Amino acid sequence: MIDLLRLCAFNAAYAQAIDNDELERWPSFFAEQCLYRITNVENEREGLPAGIVYADSRAMLEDRIAACARPTSTSASATATSWASRWWRRPTCGGAVARTPFLVVRIMATGESSVFASGEYRDRFVLRAQAAAGRAHRGVRQHGDRHAAGAAAVRRRMTRRIAVTLGDPNGIGPEIVLKALAALRGRHARACHRVRPADVLERAAAVTGLQALLAKLDVRPAGAMPRPPRASAT
Amino acid sequence: MSEQAIQWHGAGSPACRTRPTPTPATARQEQERIFRGATWNYLCLEAELPEAGSYRTTFVGDTPVIVVKDDDGEVYAFENRCAHRGALIALEKSGSVRDFQCVYHAWSYNRQGDLIGVAFEKGVKGQGGMPASFCKEDHGPRKLRVAVYCGLVFGSFSDDVPPIEEYLGEEICARIERVLHKPVQVIGRFTQALPNNWKLYVENVKDSYHASLLHLFFTTFELNRLSQKGGVIVDESGGHHVSFSMIDPAAADASYKEQGLRSDDSKYRLKDPSVLAGFTEYGDGITLQILSVFPGFVLQQIQNCLAVRQVLPKGQDRAELNWTYIGYADDTPEQRTVRLKQSNLVGPAGFISMEDGAVGGFVQRGIAGAQGLEAIVEMGGDSTAPAKAVPPRPRCAASGRPTARTWDRPAGAA
């Protein structure tokens with residue numbers, strides 16, 4: 001189910017991908033068969049279908065990003081994106097339609113900031129699992145202001161991940177976590193992975209008699225913590 | 001005020017002096033001599049004025065203009081400036097009206113631009129009002145001559161400009177008609193802000209030399225290459241041009257690769273090549289035709305992607321490019337989708353047109369300190385005869401000098 005909180009999390013991740021210049025991640029916010037269009041208020045009012053960007057597949061969005069990397073489209077600048085989901089509804093089980101006004105500020109190498117684009121995302125969200133099962137809609141129409149090339153989006157894929165910490169390795173936290181994991185069923189249980197550190201959990205498993213559960217988990221030693229894929233800007 | 005003409009060194013020399021840096025004085029002269037001079041300026045499409053009362057607002061240079069269809073089926077155009085205090089008469093970009101009324105003091109105008117109503121013309125309770133000698137017919141916004149050709153509405157402030165077909169010339173007319181041979185529909189309108197003087201954009205349109213060198217997309221996907229069959233035609237006035245080319249899949253060539261040109265990148269592939277998928281709709285094999293009409297009109301056919309563009313100056317160092325994307329009224333849904341997808345090539349964020357929007361700014365910044373210096377603008381000979389595409393005399397042969405000459409002496413002006 002998609003609720004406002006998840007939409008906000010999505011928009012935050014979307015804005016972060018753009019502001020961190022991780023543009024190669026941008027197409028992944030969209031369904032494989034999407035409709036992405038940047039237009040202006042006048043065209044929208046008159047029902048004119050063209051866009052300054054018009055893509056009906058995620059692959060077309062990937063081609064857009066590939067073109068950005070070409071030497072003739074350069075810009076020494078960064079962006080700061082602000083957004084707020086103000087309106088949303090769930091027309092069908094699992095999907096949602098939302099409108100999210102946005103403002104993109106461009107920060108030039110000289111330090112000067114200016115409004116690069118303002119407008120409203122008109123999104124149709126679908127959950128990825130349902131999309132795979134053949135859900136009809138994905139698509140998004142987006143509104144940019146006049147010549148502003150805004151980014152917009154729709155997307156999908158909102159697998160929820162919950163991190164549970166063990167607490168004090170010498171306390172009862174590790175045992176509680178293991179018992180909680182043992183109580184999970186079905187796909188929730190499968191969603192659990194990468195548990196660490198191994199030595200603390202092994203001790204807790206011995207205490208709780210849940211060694212069998214531990215064997216099914218991807219348990220890693222404390223020293224093997226992977227680094228985040230990319231340090232975020234500070 | 002001193003006037004600086006662009007000077008040529010004579011036959012055989014490829015250089016000319018860089019255009020004088022635009023000044024407020026030259027910008028004013030351009031408005032008066034070019035835009036309000038003996039030229040035809042594109043206003044809108046006739047298809048955008050579907051019925052009596054339909055109007056659009058636009059500009060001729062920086063002069064705001066209203067274009068409107070009246071009950072007689074004719075299109076009229078007049079300055080969008082109230083005769084009273086000079087306020088805009090129409091504020092919207094388009095609409096439908098019986099009459100126009102200025103919001104400021106409610107003076108009203110009919111669809112032909114005549115002043116027909118003055119609020120409290122006779123005063124209030126016998127006091128005040130306009131003098132008895134006041135005659136509404138003598139006051140009104142300036143009217144433009146209007147000419148409609150193949151669904152394109154042109155307007156002129158000049159009484160001396162020749163009729164539109166004579167102004168365009170036979171060859172330009174034929175190539176406008178080639179594209180606009182049946183009713184069109186607007187499928188979108190966009191504005192591209194150009195960070196440069198308007199003339200740099202117009203010159204870029206006429207410069208077919210750059211197209212396959214700047215635009216990686218054109219060259220890599222063989223949409224346009226100088227080695228393709230095609231040509232350039234410049235009309236007698238030097239003001240208008242057509243360049244065209246034909247994709248010939250059988251005639252792949254290695255000339256770009258051999259010169260190591262950036263724009264031919266064999267590693268660049270599209271994940272979704274459907275953006276370039278198209279269909280044959282013109283029997284002549286021409287897959288790209290770019291046509292310009294002096295001073296600021298462009299008609300574009302890139303495969304199935306059709307558009308008209310209007311170039312408007314916005315001060316000395318900025319310009320506005322107004323795009324109107326079109327399809328034919330009898331398009332099938334599949335054909336319409338092809339046009340929508342191919343429109344990714346053009347417009348403010350177009351794979352091709354975005355680069356045209358940028359290079360004008362690069363030139364403008366590059367020549368900032370170069371007043372009086374020379375630039376090489378000519379290639380392929382000094383003749384203005386139509387050029388056929390046979391390297392090593394590229395198709396751009398005729399494009400440089402006539403363009404520059406036109407700034408000196410507007411088409412149709414003595």
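Figure 1. Strand S8 (residues 108–109) of chain B and S9(B) run antiparallel and are joined by two bridges; strands are DSSP runs of E with at least two residues, helices are runs of H or I with at least four residues, and both are numbered from the N terminus. Two strands are taken to pair if DSSP finds at least two bridges between them. The model is predicted: local features need pLDDT of at least 70 and side-chain atom pairs count only at pLDDT 80 or more, while totals for chains, interfaces and linings use all residues. Residues are numbered from 1 along each chain as its sequence is written, chains are lettered from A and ligands numbered from 1 in the order in which they are written, and side-chain values use heavy atoms, with hydrogens and water left out.

**Figure 2. The three-stranded open sheet of chain B.** The strand order is S7-S8-S9, with antiparallel pairing. Strand S7 (100–101) and S9 of chain B are the edge strands, each pairing on one side only. Phe120(B) lies in the loop between strand S9 (115–117) and S10 of chain B. Phi of Phe120(B) is near 50 degrees, a positive value in a residue other than glycine.

**Figure 3. The seven-stranded open sheet of chain B.** The order is S2-S11-S10-S5-S4-S3-S6, and the pairing is antiparallel. Strand S2 (41–45) and strand S6 (94–96) of chain B each have a single partner strand, so one side of each is left without a neighbour in the sheet. From one strand to the next the twist averages 30 degrees; axes are lines fitted to C-alpha atoms, for helices over the stretch in contact, and angles run from 0 to 180 degrees between N-to-C directions. Within this sheet, strand S10 (residues 143–149) and strand S11 (residues 152–156) of chain B pair in the antiparallel sense over five bridges. Tyr149(B) stands opposite Leu152(B) in S11(B).

**Figure 4. The cis peptide bond between Phe294(B) and Pro295(B).** Omega of this bond is about 5 degrees. Pro295(B) lies in the loop that links strand S15 (288–293) and strand S16 (297–302) of chain B.

**Figure 5. The interface of chain B and chain A.** In chain B, 31 residues are in contact (heavy atoms within 4.5 Å) with 27 residues of chain A. The buried area, defined as the accessible area (1.4 Å probe) that two parts lose on being put together, summed over both, is about 2,600 Å², of which carbon and sulfur atoms give 57%. On the side of chain B, Phe190(B), Leu340(B) and Asn344(B) lose the most area to chain A, together 20% of what that side buries.

**Figure 6. The salt bridge of Glu42(A) and Lys93(B).** The closest N and O atoms of this pair are 3.2 Å apart. Between chain B and chain A the count is four salt bridges, each a side-chain nitrogen of Lys or Arg within 4 Å of a carboxyl oxygen of Asp or Glu. Strand S12 (184–194), strand S18 (319–328) and helix H8 (333–342) of chain B are the elements that give two or more residues to the side touching chain A. S12(B) gives the most, with eight residues.
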